[in-house]
Amino acid sequence: MTRPVLPLTERAAWSALRSHYSALRHRHLRELFAEDPGRGERLTLEAAGVYLDYSKNRVTERTLELLLQLAEESGLRERIDAMFSGEPINVSERRAALHVALRAPRGASIVVDGLNVVPEVHAVLDKMSDFCTRVRSGQWRGYTGRSIRNIINIGIGGSDLGPVMAYEGLRHYSQRQLTFRFVSNVDGTDFAEAVHGLDPAETLFIVSSKTFTTLETMTNAASARAWSVAAFGGDQRSVARHFVAVSTNATEVSRFGIDTVNMFEFWDWVGGRYSMDSAIGLSTMLAIGPDNFAAMLGGFNEMDEHFRTAPFGRNLAVLMGLLAVWYASFFGAQTVAVLPYEQYLKRFPAYLQQLTMESNGKHVTLEGRPVEYATGPVYWGEPGTNGQHSFYQLIHQGTHLIPCDFIAFVRPLNPLGAHHDMLLANVLAQGEALAFGKTEAEVKAQGSPDWLVPHRTFLGNRPSNTLLLEVLTPAALGRLVALYEHSVFTQGVIWQIDSFDQWGVELGKVLAKAILPQLSPESLATLAHDSSTNALIRRIVDLRSPRS
């Protein structure tokens with residue numbers, strides 16, 4: 001039984017941090033580094049193949065002591081143990097949040113409702129591996145006997161963002177003879193562009209939906225079936241050779257026309273945004289192969305074990321999570337920029353948007369009481385160096401405090417002259433510039449006229465983390481994703497919110513279903529929405545009406 005935890009604002013460390021913040025808020029990183037010349041070597045941590053430099057954060061030893069005390073008072077250790085042991089920590093849905101079981105090694109034991117789920121996980125992985133080997137080798141053939149050359153993943157949310165990010169992130173390791181495309185938006189353009197130029201006889205669709213009833217996914221899946229079947233003279237038997245499913249609903253999968261032998265399962269203790277290493281990753285395994293997929297799972301597990309066992313003061317995810325709380329809840333930072341200096345990770349910030357904001361964008365505590373502090377900052381970003389010519393201006397000289405996570409790799413996957421050294425020089429320079437800025441005296445010393453000095457002054461004192469890895473491998477990607485998963489979990493525990501439900505997604509879906517049949521002239525007389533929605537519906541219907 002876990003010990004009772006006081007409301008956040010009543011914890012001793014929280015009160016001490018408020019007082020500490022008042023004393024520290026005006027101190028500059030230039031001062032902190034001048035007072036402690038070894039800070040840049042000391043405030044670092046290396047574990048599970050990730051080197052974290054957190055010295056450029058607006059913290060002192062006292063800050064870190066109080067944040068670690070807050071973690072203890074918040075029952076973080078008990079919550080970590082509860083998650084890894086399969087307890088129903090997703091309180092509003094009364095289920096476990098056990099994504100860590102998806103990458104547990106064979107022979108491990110993680111029990112949910114009296115059942116060790118690890119053998120089930122590996123049974124699905126083995127089934128995925130067998131299928132992927134057949135497709136990649138050409139053994140799996142389409143309805144006319146031709147090999148599969150094109151794979152289209154149909155999903156939305158976690159069933160799309162994870163597979164897209166992983167494919168782009170690990171494209172270097174992919175089988176280049178195969179073409180991969182992804183459909184998520186219910187906008188017909190998304191589907192039309194995905195199938196453009198493809199031969200249905202060589203195209204395989206993966207339909208990813210836990211219930212096989214998700215509106216957007218099944219609408220796209222129905223269009224995919226119509227497009228595919230039309231190429232075979234309307235023969236519905238062709239569906240079984242050109243569609244597979246990632247789902248738990250065998251009845252609906254079979255009704256769609258997919259052979260349930262080709263249905264890959266996952267479980268209700270896997271949240272969508274935590275599912276890229278489950279069967280939802282089937283497209284990833286098809287792209288990079290079973291061995292590389294296994295290496296990615298190994299990276300996930302390595303970070304899981306670090307998070308589960310490392311003392312909080314030497315725990316990568318805990319420190320990153322506590323620093324995120326520090327800026328959101330005390331400095332009032334409303335956003336965090338994630339800036340990977342690696343082109344393959346161009347979709348990583350978009351992936352983190354769902355992971356972080358769907359998890360911690362909550363306004364009530366675990367007990368259902370309104371929160372009295374900021375939770376869930378907005379995560380965003382782009383790869384460097386592109387962002388430097390876009391939004392870095394605001395980060396450097398704007399009026400918003402935006403903590404940054406820089407991600408860099410020591411070695412390139414595609415060596416090309418001086419490119420990678422230039423990339424590394426830029427990421428290091430940006431962290432330095434954000435932290436220390438450029439004073440008026442320094443600007444004047446470079447010969448700027450007085451009237452130009454204010455414009456060329458950089459205040460600095462903008463915090464950042466630098467995450468340094470050796471090279472982007474499947475294992476490295478697994479470590480990075482797990483690191484952010486556990487950082488998000490740490491934040492949620494401190495804020496005393498449920499990081500594993502997403503009720504905010506539901507209301508819009510319900511209203512959309514009500515509006516859908518009303519977008520016709522026959523329904524206008526019975527509209528009962530607010531005046532704005534009613535007027536917009538009438539406007540749409542009017543503009544679509546035939547003109548005389």
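**Close-up views of a predicted model**

View 1. Arg255 and Glu252 both belong to helix H11 (residues 250-256), where they lie 3 residues apart, about one turn of the helix. In this predicted model, their side chains form a salt bridge with an N to O distance of 2.4 Å. Arg255 counts as exposed, at 57% relative accessibility. Glu252, at 24% relative accessibility, counts as partly exposed.

**View 2. The salt bridge between Asp277 and Arg103.** The structure holds 24 salt bridges. In one of them, the side chains of Asp277 and Arg103 meet at 2.7 Å, N to O. This pair links distant parts of the chain, the two residues being 174 residues apart. Asp277 is in the loop between strand S9 (263-264) and helix H12 (282-288), and Arg103 is in the loop between helix H5 (76-84) and strand S3 (111-112). Asp277 counts as buried because its relative accessible area is 1%, under the 20% limit. Arg103 is likewise buried, with a relative accessible area of 3%.

**View 3. The salt bridge between Glu202 and Arg146.** The closest N and O atoms of Glu202 and Arg146 are 3.0 Å apart, and the two residues form a salt bridge. Here too, distant parts of the chain are linked, with 56 residues separating the partners. Glu202 is found in the loop between helix H8 (188-195) and strand S7 (203-208), whereas Arg146 is found in the loop between helix H6 (118-137) and strand S5 (150-154). Glu202 is buried, with a relative accessible area of 17%, while Arg146 counts as partly exposed at 35% relative accessibility.

**View 4. Packing of helix H13 against helix H20.** The axes of helix H13 (residues 290-309) and helix H20 (residues 474-495) come within 7 Å and cross at roughly 35°. The crossing of H13 with H20 is right-handed. Residues of H13 that meet H20 include Ala295, Met296, Phe300, Met303, Asp304 and Phe307. On the H20 side, the contacting residues include Leu477, Val481, Leu483, Glu485, His486 and Phe489. By class, this contact has 12 nonpolar, 5 polar and 4 charged residues.

**View 5. Strand S8 between its parallel partners.** Both faces of strand S8 (residues 243-246) are covered. Phe243 and Ala245 are buried on one side, and Val244 and Val246 are buried on the other. S7 and S8 run parallel and are joined by 4 bridges, with Ala245 in S8 as the bridge partner of Val207. S8 also pairs with S9 in the parallel sense, over 2 bridges. The bridge partner of Ala245 in S9 is Met263.

View 6. Strand S1 (residues 44-47) and strand S2 (residues 50-53) pair in the antiparallel sense over 4 bridges. Ala47 has Val50 in S2 as its bridge partner. The hairpin has 2 residues between its strands, and Ala48 takes a positive phi near 50°. S2 is also joined by 3 bridges to strand S13 (residues 464-469), and these two strands run antiparallel. In this pairing, Asp53 stands opposite Thr466 in S13.

Definitions and conventions
Residues numbered from 1 in each chain as written. Predicted model: local features only at pLDDT ≥ 70, side-chain atom pairs only at ≥ 80, totals over all residues. Heavy atoms only, no water. Axes fitted to C-alpha atoms, helices over the stretch in contact; angles between N-to-C directions. Left-handed = near helix turned anticlockwise from the far one by under 90°. Contact = heavy atoms within 4.5 Å. Nonpolar A, V, L, I, M, F, W, Y, C, P; charged D, E, K, R; others polar. Salt bridge = Lys/Arg side-chain N within 4 Å of Asp/Glu carboxyl O. Buried < 20%, exposed > 50% of the residue type's maximum accessible area, 1.4 Å probe, protein only. Pairing = 2+ DSSP bridges.
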